[in-house]
2 protein chains.
Amino acid sequence: MAESEIKLLGAWPSPFVMRARIALNIKSIDYEFHQEKLGSKSQLLLESNPVYKKIPVLIHDQKPICESLIIVQYVDEAWSSGPSILPSDPYDRAIARFWAAYIDDKWFPSLSGLAKAQGEEAKKAAMDQVREGFLLLEEAFGKCSKGKDFFGGDRIGYLDIALGCFLGWLRVSEKMNGVKLLDAAKTPGLAGWADKFCGDDAVKDVMPETDKLTEFAKILFQAKANAPPPAN
Amino acid sequence: MAESEIKLLGAWPSPFVMRARIALNIKSIDYEFHQEKLGSKSQLLLESNPVYKKIPVLIHDQKPICESLIIVQYVDEAWSSGPSILPSDPYDRAIARFWAAYIDDKWFPSLSGLAKAQGEEAKKAAMDQVREGFLLLEEAFGKCSKGKDFFGGDRIGYLDIALGCFLGWLRVSEKMNGVKLLDAAKTPGLAGWADKFCGDDAVKDVMPETDKLTEFAKILFQAKANAPPPAN
C-alpha cells in the first residue's frame, strides 16, 4: 500500500487531531498532513465528514474515518502488526473505553468551560470541576497502570492518548489563569505520567510547545470575542 | 465459568439495558437480571457504577462494566467464540462505531426531546429532527447492509443493536403523538429493517410490547410532572 494513500485532515493545535497523529506514530505510519485553516473548512473536509464537518478525518485508500477515538481504534485494528494501542484483555479494554468516554463527555467540557467562564466565581467552579476530574482519573491511573508508567502499562495506549492529548491546552489554561490544575501534591500519579507522556517518542513531536499554543489561544479567543452574536 | 457469575443490573423499559441483553442473547449467555426499581438505586448499582450511577451495568466475575455500547463491545470480545457482533473489517467497524455514536449523541436526543417538548411548535421541531436523522440513517443502512437485511449484513450486529433498542420507545412516541416517525414511504430500508430486527431471535423476547411500554411511559411522565422543580 502506497504511503501517500493515507491523509489526515487536521490542524496542529487540535487535541483531537493529536490523538490520530499519536496513533499513527505508534504504528510508524507515514501520512500526508492536510492542515485546515482557522475559520474555514476545505472542500475535502466537507466531503469527507458531511455529518459533523469536523477534524480530524483520516482518509485511508480514499475512505474517510471520522471522530478521534474511532480513528485511534481504526489505526490499531488496521495496522495490527504494530504495537497494540488498546489493551489485549477485554475487561481492560472496556475500562479504557469507559474512561476515554468520561474524559470526552465530562472532564474535557470542564476544561473547555474554564476558557469560556466569565467572572471569578464561574472560573473557580470550572477549575474545581477540572481538579475533581483529575482525582477520579488519578484513581483510574492507579488501577489501569498497575504500578507501571502509563495507563496502558509499559507503553502509551488508548487511554494515555485520550487524556494526554489535552496536556498542551491544560498548560495553556494554567498559564493564562496563573494556577496549577494538575497538582503533583494531589495527583502525584498523573503528574508523573504527564511528564513521561510528553516525552514519549510518539508524542514529543506533535505536542505543541506551550508558548506557541498560548499565542494561538489568544488569537482564537480574540476571534471569538469579535465574532457577531448568534442569530437567536 | 459458572453462569451465575454474570449479572446485569437493569430495568425492562430501558433501551440501553436492552442493548446489553441483546448482545448476551446473541452469544447465548445466561445471566441474572437484577431489575432496579423506578426512582431508586440499589446499593449494588451505586457501588458498581460510582461515576454515573446508571444502568446498565454488566457484572462479570465480580467486575463491573458500565455504558451500554461498551458492554456490547465487551460481550463481543469476552465471548469471542459466539457469533461476532462487530464487523470483522476495521473500516466497517469504524463506520458502525461512527453511526452508533451519532445515534447516541444526535439522534436519540431528538427522540427524547420530543417527549419533553411543550407546545405544537416545539413538538414539530423535534419530530422533524427525528425524521432528518432517519434520512441520514437510511443512507447509512444502504451502505452498511450492502443489500442484506441488517446493518450488520446477514445477521444483527453492533449498529443494529445501537439503533434497534429504541424501536419500542419510537412506537410509544408515534402512538402518544398520533404520528408516523419511521415512514416506509420515506425510509423504506429502515422500515423493513425495523420489522426484521424486532422479529430476530435475540431481540423478540426483550423488546417491550408497545402497549405495556406506553403505560409505563404515562407513569414515568406523570412522576416527572409531579416532581418538585430543580433547586435552581
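Six residue pairs are in polar contact across the interface of domain 1 and domain 2 of chain A, both residues at pLDDT 80 or more. A polar contact is a pair of N or O atoms within 3.5 Å; within protein, one must be able to donate a hydrogen and the other to accept it, and residues adjacent in sequence count only if both atoms are side-chain atoms. The model is predicted: local features need pLDDT of at least 70, side-chain atom pairs count only at pLDDT 80 or more, and totals for chains, interfaces and linings use all residues. Side-chain values use heavy atoms, without hydrogens and water.

One salt bridge is found across this interface (a side-chain nitrogen of Lys or Arg within 4 Å of a carboxyl oxygen of Asp or Glu). A:Arg19 forms a salt bridge with A:Asp104, with 2.7 Å between the closest N and O atoms.

Domain 1 spans 3-78 and domain 2 spans 90-215 in chain A, by an automatic or database domain assignment. Their C-alpha centres lie 22 Å apart. Contact (heavy atoms within 4.5 Å) joins 14 residues of domain 1 of chain A to 21 residues of domain 2 of chain A. The two domains of chain A bury about 1700 Å² between them, 70% of it on carbon and sulfur atoms. This buried area is the accessible area (1.4 Å probe) that two parts lose on being put together, summed over both. A:Trp12, A:Met18 and A:Arg19 supply 32% of the area that domain 1 of chain A buries against domain 2 of chain A, more than any other three residues.

Notes
Residues are numbered from 1 along each chain as its sequence is written. Chains are lettered from A and ligands numbered from 1 in the order in which they are written.
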